[in-house]
Amino acid sequence: MSAHKVLRQRLITFPFMLLLAIFLVSLYFMYQRFVVGGMGAVSNLNGGFAWGIWVVYDVVIGTALACGGYALAITVYVMNRGQYHPLMRPAILTSLLGYALGGFGAFFDMGKFWQFYEIFLPWNWNFNSVMLEVGLCVATYILILTIEFAPAFLERIGSKKLLRSLNKVLFLFIALGILLPTMHQSSLGSLLISMGHKVDPLWQTWHFQPLLAILSALIMGFSIVVFEASLTTAGLHQDDENTLLVGLGRIIKWLLVAFVVIRIGVLAGQGKLGLIFAGGSSSLFFIVEMALFILPIFLLMVPGANRNASQLLVAAVCMLFAGAAYRFDAFLITFNPGPGYTYFPSAPEIMITLGIISLEIMLYLFFVKKLPVLHGAKHA
Amino acid sequence: MERRDFLKAALGGSAAAVCSVGMAQARPNLEPAEEAVGMLFDSTLCVGCKACVAKCKEVNSRVPAHSDPDNPWDSARDLSADTFNVIKVYRSGKAVNKDRIKDGFCFEKRSCMHCVDPGCVSACPTTSMRRDPKTGIVTHHPDSCIGCRNCMVACPYNVPQFDYNKVFGSIHKCQMCNQSGVERINNGQMTGCAEVCPTGATLFGSRKALLAEAKRRMTLKSGEVYTYPRGDVSKPDSMHEKTVPNYQKHIWGEKEAGGTNVMHISAIPFDQLGMPPLEERSAASVSETVQHTLYSYLALPAIALAGLTYVVKRNTDHDDDEGGMS
């Protein structure tokens with residue numbers, strides 16, 4: 001058997017009940033959306049802001065937050081740092097949940113949800129469409145993640161034979177599990193290109209959108225691994241995994257430097273540096289966002305910072321906010337469809353997103369307490 | 001080969017491929033369809049009667065917007081799932097001088113511009129937005145639409161609109177009165193809005209003829225008298241004489257983002273009429289250049305997958321006892 005263990009703790013706790021309550025409230029609004037009055041009944045979406053927080057948070061940011069499995073797979077299987085292996089299975093689980101619920105968010109937001117399958121029919125495919133790449137690639141990745149997580153199930157039910165066969169071909173799925181997020185996470189950035197002038201000039205970097213998007217996805221992916229491992233250690237009384245996390249800090253630091261240098265370099269190349277200091281809300285959001293990217297570089301550069309658990313956690317939180325801010329700013333906050341249109345999410349809209357997040361956390365707790373997910377012994 | 005070297009080679013190779021392919025295959029703006037049909041809206045001729053709005057609703061079987069039993073008339077403020085064509089008012093100061101910037105007013109039409117290089121067509125994952133190869137008309141096909149609304153965000157003019165207030169809603173837009181069941185253009189008629197326009201503010205015709213007419217008006221001197229056609233620019237129903245206003249020397253839609261088949265001219269600068277700040281290159285052409293550079297024949301993903309499979313296999317083989325992902 002593997003070195004992973006089922007966390008023998010009660011599932012029904014007070015925090016769990018709280019999450020359940022939030023989810024139940026969101027169910028009411030989902031009923032409103034799918035049965036009573038359509039999206040208009042629960043959201044502030046309009047003709048200019050066709051995409052609100054369901055797309056931008058649940059899909060664009062939610063899947064980036066679910067890039068932990070992707071970032072760690074690169075570390076373990078491409079850079080061959082086997083010592084991070086113990087973090088792999090929980091990271092795959094959060095990726096699976098994040099992507100599956102991102103997929104659910106997309107379905108929820110889909111205007112013609114009853115014919116969602118049309119995107120899977122090859123004769124409909126428009127190969128010029130970035131959205132086609134995103135849709136098909138995300139759907140495939142959810143399948144891959146399910147296969148990557150399958151060993152946890154197979155161990156639990158004791159199906160050794162199936163487990164052995166799966167392990168023989170798993171390398172193929174691992175390779176796909178690295179390729180696919182590279183593709184669709186960069187494409188999420190490419191979606192901004194077709195929006196043209198509606199995207200604020202500070203965020204409309206045209207050809208550089210996919211590069212900046214994939215870098216931000218990697219930063220968020222590594223950050224979420226650090227963040228979750230720290231939380232798991234504290235909240236679920238697990239062994240300290242900090243010794244493992246310190247090395248990740250080093251990788252993240254260079255990703256951050258790359259992102260900031262490219263981001264500023266592109267703006268300079270496109271002659272837009274002046275806009276940073278032009279005043280106005282776009283400048284402000286840009287400066288706050290860049291501060292969130294730059295601050296963790298310094299936090300991680302302080303000698304010994306890598307070994308300081310709380311400093312590492314602060315840096316990780318900073319980077320999660322930085323990556324989320326980058327995507328929120330570009331897609332929603334500074335997005336300007338033209339005169340006459342404004343958008344702020346309605347309470348039901350926010351409740352539905354909170355409900356999806358609650359469901360995600362509840363499922364995570366359920367799986368780590370029912371399946372061998374977390375690493376048992378002190379790491380090898 | 002050492003793994004590190006292999007990775008370097010693979011990354012370098014992919015980067016070089018991306019750059020060279022990108023240079024070679026940059027997708028230019030699409031060209032207008034050979035027999036493109038369109039409309040010319042001359043804001044200086046529009047008197048704001050909204051006959052075009054009413055006719056549009058009749059042709060497309062739409063209900064009045066923002067009306068109730070006390071105010072039964074249509075008072076649509078903007079495009080919506082029930083309004084594919086709307087007349088908006090420009091006002092400045094006291095709003096007493098027609099077609100003047102200072103203390104002036106004028107009317108501006110909003111409807112699908114039928115872009116030559118349409119963002120909606122490029123963005124739609126299921127080919128539910130199409131540009132007719134012959135007429136250049138941009139049409140919507142709800143049967144394959146999933147309602148992702150990428151067409152809405154990719155439209156520079158916010159034209160496609162979704163029925164948010166229906167559980168089973170759909171995308172709606174102007175299809176130049178040529179959708180199946182209407183087919184006015186195919187039957188040799190003109191668009192509903194151009195047919196009913198009393199002043200010829202909305203003029204129907206081929207893009208070429210309309211562009212020629214617009215260019216002619218650009219050369220007219222303010223104050224002289226010009227004979228304006230009504231209906232179809234090539235075979236006008238009737239003509240009327242009017243003093244030429246002080247036109248802005250700008251034909252909106254001649255070049256913006258690759259051009260449009262519905263073009264506008266006006267005496268008020270277009271940015272003040274709410275037109276978007278567009279460059280000549282279409283966003284669709286940039287987006288497709290990037291997409292086809294990265295995904296042409298799936299060559300780059302295939303190379304990357306081969307490299308990844310090799311590396312992952314190597315790195316999982318030596319710890320077989322641990323069993324890959326377990």
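The model is predicted, so local features require pLDDT of at least 70 and side-chain atom pairs count only at pLDDT 80 or more, while totals for chains, interfaces and linings use all residues. Residues are numbered from 1 along each chain as its sequence is written, and chains are lettered from A and ligands numbered from 1 in the order in which they are written.

Chain A falls into domain 1 (1-44 + 348-369) and domain 2 (45-343), with bounds that come from an automatic or database domain assignment. The centres of these domains of chain A, taken over C-alpha atoms, are 21 Å apart. Across the boundary, 17 residues of domain 1 of chain A are in contact with 19 residues of domain 2 of chain A; contact requires that the C-beta atoms of two residues, placed from the backbone, lie within 7 Å. On the domain 1 side, H13(A) provides the largest share, ten residues. That side comprises ten nonpolar, five polar and two charged residues, where Ala, Val, Leu, Ile, Met, Phe, Trp, Tyr, Cys and Pro count as nonpolar, Asp, Glu, Lys and Arg as charged, and the others, Gly among them, as polar.

Helix H13 (residues 347-370) of chain A also packs with helix H5 (residues 88-109) of chain A, at an angle of about 150° and with the axes 10 Å apart. Helices (H or I, at least four residues) and strands (E, at least two) are DSSP runs, numbered from the N terminus. The axes are lines fitted to C-alpha atoms, for helices over the stretch in contact, and angles run from 0 to 180 degrees between N-to-C directions. Residues of H5(A) in this contact include A:Leu93, A:Leu97 and A:Phe104, and those of H13(A) include A:Ile356, A:Leu363 and A:Phe367. The residues of the contact divide into eleven nonpolar, three polar and one charged.

Helix H4 (residues 68-78) of chain A is mostly covered, with ten of its eleven residues buried. A residue is buried if 20 or more other C-beta atoms lie within 10 Å of its own, exposed if 12 or fewer, and partly exposed in between, with C-beta atoms placed from the backbone. Among the buried residues of H4(A) are A:Tyr70, A:Leu72 and A:Tyr77. Just after H4(A), A:Asn80 adopts a positive phi of about 60°.

Between the chains, 63 residues of chain A are in contact with 59 residues of chain B. H7(A) gives the most to the chain A side, with 13 residues. This side of chain A divides into 34 nonpolar, 24 polar and five charged residues.

Chain B contains eight helices and twelve strands, and buried residues make up 46% of its 326 residues. One open sheet of chain B has three strands in the order E2-E4-E3, with mixed pairing; two strands pair if DSSP finds at least two bridges between them. Strand E2 (85-91) and strand E3 (97-98) of chain B each have a single partner strand, so one side of each is left without a neighbour in the sheet. E2(B) pairs with strand E4 (residues 104-111) of chain B in the antiparallel sense over seven bridges, and B:Ile87 has B:Lys109 as its bridge partner in E4(B).

A further open sheet of chain B runs in the order E9-E1-E12, again with mixed pairing. Strand E1 (residues 37-42) of chain B is parallel to E12(B), joined by four bridges. B:Met39 has B:Val262 as its bridge partner in E12(B).
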